[in-house]
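Thanks for coming, everyone. Please have it on your screens.

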Amino acid sequence: MTVFIMPKEYLPDGVTTKVQEKLTEKFGEDKKIVINASPMYNDQKLIVEIAAGGNGVLILPKETLVNMIKQGPAVQLDEWFDAAAYPEGVMESEIGDSKNLKLVKGLFAIPVEKTIFKDAGYNEPDMLMIIPANAPDQELSAAVMKELIKS
């Protein structure tokens, strides 16, 4: 499973390695979890990453997600996390298929500042993580997010 991060500014050296090591300690070698990062924000690269569908967790700037989330690209997280603990991630999004869409309000994102990325040296404000709707294994993605929140 891949955790993909696209920072607004930059990602300090060593952050992805530190986070990946912590996840490998937790999940072992049998569940290969890779932290993949873009050196800087790029709209076209983001579109490709989302369309490719291989990412289990996406970490993106809040302003990007606020604009995208209404179109339904993220999994609602309320079944795994307490929305009251992450009010920044409560948003409205369309849920369902093209014939039966409905607008719902719920927890769709977790602030990165409340994760081990901060302990690893990444302190960029207003970054959020989501499980993309096309994640290969949503249960594993949620388990990885839970582990990222532990500090």
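Start at Pro61, which touches Met6, Lys8, Tyr41, Asp126 and Met127, not counting residues up to four places away in sequence. Touching, or contact, means heavy atoms within 4.5 Å.

Some ground rules. This is a predicted model, where local features need pLDDT of at least 70, side-chain atom pairs count only at pLDDT 80 or more, and totals for chains, interfaces and linings use all residues. Residues are numbered from 1 along each chain as its sequence is written, and side-chain values use heavy atoms, with hydrogens and water left out.

Back to Pro61. It is found in strand β3. Helices (H or I, at least four residues) and strands (E, at least two) are DSSP runs, numbered from the N terminus. Is Pro61 buried or exposed? Pro61 counts as buried, because its relative accessibility is 1%. The cut-offs: buried is under 20% relative accessible area, exposed is over 50%, and partly exposed lies in between, with a 1.4 Å probe and protein chains only. Pro61 and Met129 are 68 residues apart in sequence, yet 8.8 Å apart in space, C-alpha to C-alpha.

One of the contacts of Pro61 is Asp126. Asp126 is found in the loop between α4 and β7. Its phi is near 60°, a positive value in a residue other than glycine. Most residues other than glycine have a negative phi. Asp126 is partly exposed, at 42% relative accessibility.

Another proline next. Pro73 lies in the loop between α3 (62-69) and β4 (90-95). At 19% relative accessibility, Pro73 counts as buried. Beyond four places in sequence, Pro73 touches Met68, Ile130, Ile131, Pro132 and Ala133. Its C-alpha is 8.3 Å from that of Ser93, 20 residues apart along the chain.

Now Ser38. Ser38 is found in the loop between β2 (34-37) and α2 (43-52). Ser38 is buried, with a relative accessible area of 3%. What does its side chain reach? A polar atom of the Ser38 side chain lies 2.8 Å from the backbone oxygen of Met40. Leaving aside neighbours within four places in sequence, Ser38 is in contact with Phe4, Ile5, Met6, Pro7 and Lys45.

On to helix α5. At the start of α5, a side-chain oxygen of Asp137 reaches to within 3.2 Å of the backbone nitrogen of Glu139. The buried residues of α5 include Leu140, Val144 and Leu148. Its buried residues pack against β1 (2-5), α1, β3 (55-61), β6 (110-111), α4 (116-119) and β7 (127-130).

Take the partner α1. Helix α1 (residues 15-27) and helix α5 (residues 138-149) pack at about 115°, with axes 11 Å apart. Axes are lines fitted to C-alpha atoms, for helices over the stretch in contact, and angles run from 0 to 180 degrees between N-to-C directions. Val19, Leu23, Lys26 and Phe27 of α1 meet Leu140, Ala143, Val144, Glu147 and Leu148 of α5.

Glu147 counts as buried, at 15% relative accessibility. Setting aside neighbours within four places in sequence, Glu147 is in contact with Leu23, Lys26, Phe27 and Ile116.

Terms used
Polar contact = N/O pair within 3.5 Å; in protein donor to acceptor, adjacent residues only side chain to side chain.
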